[in-house]
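Student: I would like to learn how to read the features of a structure that is new to me. Could you take me through them in turn?

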Amino acid sequence: MRAAFLPFHVPDIGDEEIQAVTETLRSGWLTTGPRVKQFEADFAQFIGVRHAIALNSCTAALHLSLEALGVRAGDEVIVPAVTFTATAEVLSYLGARPVIVDCEPDTLNIDPDCIEAAVTPRTRAIVPVHIGGLPCDMDRLRAIARAHGLHVVEDSAHALPAAWNGASVGTLGDLGCFSFYATKTITTGEGGMVTTDDDRWAERIRMMSLHGISRDGWARYTASGSWCYDILAAGFKYNLTDIAAAIGIEQLKKSRRFHDARVAIARRYDEAFGAMPEIQVPARVPQAEHAWHLYVIQLDLDRLRIGRAEFIEALRKRNIGTSVHFIPLHLHSYYRETFGYTADDFPQASAAYQRIVSLPIFPTMSPQDVSDVIEAVTATVEEHRR
Ligand SMILES: Cc1ncc(COP(=O)(O)O)c(C=O)c1O
């Protein structure tokens, strides 16, 4: 057994990020400015999209995307049961209703058949989440959206870099939303990005991210800026700082290397657990390039004498950190009490929740760290198999 605890995630921050932050701190410009502009340009090029707007979280990105689409009180928006609350909570900000639908049992992504059944005359949009970095079936989702006149906002918080049929995630819907939270595939500590090809939505989001100030409000403190501005709407304070963007620029440069490292870890886990009947490894989908933000195994509880919580505890005792992604939305008090959901509503998501464990998968894991995880999982299965 390993001597030191292996955390579920450790961010990969190098001297480049530290130097970039130091230079920013010395530059005299701390908040939204030239580094944010560069991060946006680099990100837009990386994804292959006309506009990338940096914000201080993916939650802000989701909120402003739906606001730009005109989602308002009384509207319905379809969201998956298996996701983090951010995907759905932003609808409450707008007075709209999150309409939760079930997941596919193998991919854990939103089930397109369930979307069809949930559409009503009040439905305005679908927010698919590429869970763990595995792209949803965007061909089917777009066909459903087209048939019903719905917008698609991709929650791509887990999915950098990821692609569907060779096209980058974040370009497949009307708008894409990315997260640079500390545990994500690239990080700025806290941060987010909206991507879109639509000029009007991009302009609206940019304006609403900084108090509803007309045009580049931040430029008013530069030599070329003017003190004069107008307020066009009651906006929000969602802008990213140049300090965070300086980190993001360096992280983005490394994102392919980070991805290669995660792919290699996923392959080793697949090889180790693929033939174990007690463990279902993550689904592979031929059209999808997986970001491998998460490696989620599903336990076959009929073949084990312990449940998921005890499995996690057994790994913790062997000094391996894990997590659960996610406790489905309909099992949380807020969604039950506000919208009347019950535990029986989404059987696939509820069943998957009992079985899922996220194993560590991050680029600074050494080959020995990966071996330690494999050994701990294997030993736990052997100890508790029926
Ligand atoms: C699926 C999903 N969407 C959105 C978010 C929100 O991201 P952020 O923390 O950048 O607001 C998260 C964060 O964990 C997430 O997992």
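Tutor: What follows treats the chain as a whole, then its aromatic rings, then its backbone.

Tutor: This is a predicted model, in which local features need pLDDT of at least 70 and side-chain atom pairs count only at pLDDT 80 or more, while totals for chains, interfaces and linings use all residues. Residues are numbered from 1 along each chain as its sequence is written, and side-chain values use heavy atoms, with hydrogens and water left out.

Student: How many helices and strands does the chain have?

Tutor: Helices (H or I, at least four residues) and strands (E, at least two) are DSSP runs, numbered from the N terminus. The chain has 12 helices and 13 strands. Its radius of gyration is 21 Å, close to the 21 Å that the globule rule gives for 386 residues, so the chain is as compact as a globular protein of that length. That radius is taken over C-alpha atoms, and the rule is 2.2 Å times the number of residues to the power 0.38. Along its principal axes, the C-alpha trace spans about 70 × 55 × 35 Å.

Student: What percentage of the residues is buried?

Tutor: A residue is buried under 20% relative accessible area, exposed over 50% and partly exposed in between (1.4 Å probe, protein chains only). Buried residues make up 56% of the 386 residues in the chain.

Student: Which arrangement do Y334 and Y335 show, stacked or edge-to-face?

Tutor: Y334 and Y335 are edge-to-face, 4.9 Å centre to centre and with 80° between the planes. Y334 is partly exposed, with a relative accessible area of 39%, whereas Y335 is buried at 1%. Elsewhere, ring pairs link F39, F43, F178 and F180 into a cluster.

Student: Which peptide bond involving P161 is cis, and where is P161 found?

Tutor: Most residues other than glycine have a negative phi, and most peptide bonds are trans. The bond from L160 to P161 is cis, with omega near -10°. P161 is found in the loop between strand 5 (151–155) and strand 6 (163–164). Another cis peptide bond joins H325 and F326, with omega about 5°. F326 has its place in the loop between helix 9 (308–317) and helix 10 (333–339).

Student: What is the phi of N165, and what is that of W292?

Tutor: N165, although not a glycine, has a positive phi of about 50°. N165 is placed in the loop between strand 6 and strand 7 (167–168). Phi of W292 is near 50°, a positive value in a residue other than glycine. W292 is found in the loop between strand 11 (288–289) and strand 12 (295–299), and W292 is buried, with a relative accessible area of 3%.

Definitions and conventions
Phe/Tyr/Trp six-rings, centres within 6.5 Å; stacked < 30°, edge-to-face > 60°.
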